[in-house]
Amino acid sequence: MSEKRQYHGLDVTKVILAVLVSARHVIQIFYPAESKWRMVIGGWLSNLAVPGFFVMAGFLLFRKVENGRTRKDQAIIKAYCLRIAKLALIWSVLYLPIEALNWLGKGISLKEWALYYMKNFFFSHPMPQLWFLPALLTACLLVWLGCFAGMKIWQILTVGWILFLIGYVGDNSYWAGRLPLKMQDILGIYSRTFITMRNGVFYGTFYVAVGLWIAKAKKQIPFWPAVLGFLISVLAMYAEVDRFGNTNMVLTAAPAAFFMVSAALRVTWKDRKIYSRLRSMSQWIYLSHVYFIHLFSLTAKWNPIPLTKKGIMVSVFAPMVVFCAVMVWLSEHRRFSWLKKLV
């Protein structure tokens, strides 16, 4: 089992990815269709985030696990999954006021809204970023079950890749529209029932398995070859998004995420408190940013900042960053240490 170690490169990467996710949601809601940022951030760079989060989570979890079969391994998996489940429940409760406003705005009955919410909660999530938590929980369990069943890493990766390809085709209108009609009918039935293929089964399993692979690899890719592989993959991502109109599951994000995490793991900086704070900041930004999007929407008519694209981004990010920094600072004090349980 690997010794305890801090990965400062991952901490910095997480913050960058959390900012990209937040910017993506701001752009999708407030920026006009012709804005170049809808492509650059909303369609291209932000699609690094979820694959990167899955891979890093898989690496950090499975580096602590030997083979998935021992009692200690099972205790580690259980504790991790319970933590993710608690986060999903806590933040779902924290976002209920926004869900209540959404319900009032839709003009539907409480029963209809409750059924809609429950279906979205289990198969996706009403909040655009919280779907990741149940997806991560599902993916980690599936990868662990593969380990527990005695599957080799390459076998788990292969199964994950097949699932990812199915999700990639089903999630993308370009490819889904070219399927035989019977397969399109089956995909329609699936979508009406399970809403999306962007979940832990079709999306997360492969990337968490990539994290497992990196965690158990005897040798890691050197820094500069990893950086080169990342840059080439990111350029390929742009070409793919531009050609096929992907907005969620991007095929070339797979090598990009692999090389990105591999490069981040090669970073060796001296231990400083700033890195653990950045790690916490990334979690606060990711989990809380939708609140600040709604806060901006509710207060836009009183906002003294010009409502340009730049002004909107500043109006969302300035209070969000201050809030998240304060939460991190408070959580370091004994009286407010309970805040750590929220991330």
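Trainee: What share of the contacts between residues at least 6 apart in sequence joins residues at least 24 apart in this protein?

Mentor: In this predicted model, 80% of those contacts in the protein join residues at least 24 apart in sequence, where a contact means heavy atoms within 4.5 Å.

Trainee: What makes up the secondary structure of the protein?

Mentor: The secondary structure comes to 15 helices and 0 strands.

Trainee: Why is the protein called as compact as a globular protein of that length?

Mentor: The radius of gyration of the protein is 20 Å, and the globule rule gives 20 Å for 343 residues, so the protein is as compact as a globular protein of that length. Along the principal axes, the C-alpha atoms fill a box of roughly 60 × 55 × 40 Å.

Trainee: How many disulfides does a search of the whole structure find, and how do you know what to conclude for Cys81?

Mentor: The search of the whole structure finds 0 disulfides. For Cys81, the nearest cysteine sulfur is that of Cys140, at 5.9 Å, whereas a disulfide needs a pair of cysteine sulfur atoms within 2.5 Å, and Cys81 is accordingly in no disulfide.

Trainee: How many positive and negative side chains does the protein have?

Mentor: The protein has 39 positive and 13 negative side chains, with the centres of the two sets 6 Å apart.

How values were computed
Residues numbered from 1 in each chain as written. Predicted model: local features only at pLDDT ≥ 70, side-chain atom pairs only at ≥ 80, totals over all residues. Heavy atoms only, no water. Helix = DSSP H or I, 4+ residues; strand = E, 2+ residues; numbered from the N terminus. Rg over C-alpha atoms; globule rule 2.2 N^0.38 Å. Lys, Arg positive; Asp, Glu negative; His and termini not counted. Charge placed at Lys NZ, Arg CZ, Asp CG, Glu CD.
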